[in-house]
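Look over the sequence and the model before reading on. The briefing is arranged by topic.

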Amino acid sequence: MNRHFFPRLSAVGLCCLLSSLFRPAAAQEKETVLIDRFDHTRDVPVPYVESLREQVGRAFTDRGRHQVIDAQTLPSLSASRSTADREILLRTTGARYVISGQVSDYLFRREIVGGKPRFTTAMRLILTGYDLRNDREIVPEEFRLSGSGATAEEADTRAFASLPYSLLFYIDRRFRFETRILRLAPADAKGRLKELYIHSGHSIGVQRKDLFLVYRETDMGEGAIAREQIGKLRVKEVVGDEVTKCTVVRGGDEIASSFAAGETLIVVSDSESLF
């Protein structure tokens, strides 16, 4: 995934586009994720635990959707404290989400294959989390890391290299954000909606090929709101901190008619397209 490649627009052209289509808006505020302690069983080497913890923090940073705090940089959290005291301190950090880990089932094996040594490294990581704002647990996720190579170092490298893309999809599934449609692009020659603009961009880490789902909200009365999925979008071009141009993958007719009727449409981040 190339995070730095976007089709180039002239400064004048970009200004004209934004000023003609969209009202100025404040930068979208990122939620804060705090990477807390990672526990481990006695068989797991401590440097491996710290390396996994660093990879998790880096994955959130690289995805670009959150501010990331390392609990080890906060002296009040680094000290050994009771669970109750620690929970109180966590709520003073300004973080919405707290991510912890458990590393176990470490395996290191050396065997002879075809007359040559072969090394294998494996371990299990379980990520748990908590949403401090809504007082709810985030569904735990298990990651199995394994790698083999002609040397112990090669096996380790391949085991850790298996984690980053799994973390990307973990973040996309467990930490979605919502936005809205700003404007529909002109219909094509056959009258079909092929592109539109959403109210999110660089400021929240939107990247080319990201996917979004479009939902229509219906007021069912007595404060109950129903959501119906009516479409799917793929990011074509991020054109500003708060503006992204999307291709309509599915549901163009229904999106267009609902938007024209003034119905409430919610756009929810999904994942990254593989093509």
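The notes below cover a pocket, a helix and one serine.

This is a predicted model. Its largest pocket holds about 480 Å³ of space. Serine 104, in strand 3, is treated separately at the end.

**The largest pocket**

- The lining of the largest pocket is made up of 22 residues.
- Those nearest the centre of the pocket are Asp36, Leu90, Val98, Ser100 and Thr128.
- Sorted by class, the lining has eight charged, seven polar and seven nonpolar residues.

**Helix 4**

- The buried residues in helix 4 are Arg86, Leu89 and Leu90.
- Ala84 and Ile88 are exposed, and they sit on the face of helix 4 turned away from its buried side.
- Leu90, one of the buried residues of helix 4, is also among the residues nearest the centre of the largest pocket.

**Serine 104**

- Strand 3 contains serine 104.
- Serine 104 counts as buried because its relative accessibility is 6%, and buried means under 20%.
- Apart from neighbours within four places in sequence, serine 104 is in contact with Thr41, Val44, Met123 and Arg124.

How values were computed: Residues are numbered from 1 along each chain as its sequence is written. This is a predicted model: local features need pLDDT of at least 70, side-chain atom pairs count only at pLDDT 80 or more; totals for chains, interfaces and linings use all residues. Side-chain values use heavy atoms; hydrogens and water are left out. On a 1 Å grid over the protein atoms alone, a cavity is a set of points where a 1.4 Å probe fits but cannot get out, and a pocket is an open set with protein on both sides within 12 Å along at least five of seven lines; lining residues have an atom within 4 Å of a point. Grid points are joined across faces, edges and corners, and a volume is the space filled by probe spheres set on the points. Ala, Val, Leu, Ile, Met, Phe, Trp, Tyr, Cys and Pro count as nonpolar, Asp, Glu, Lys and Arg as charged, and the others, Gly among them, as polar. Buried means under 20% relative accessible area, exposed over 50%, partly exposed in between (1.4 Å probe, protein chains only). Helices (H or I, at least four residues) and strands (E, at least two) are DSSP runs, numbered from the N terminus. Contact means heavy atoms within 4.5 Å.
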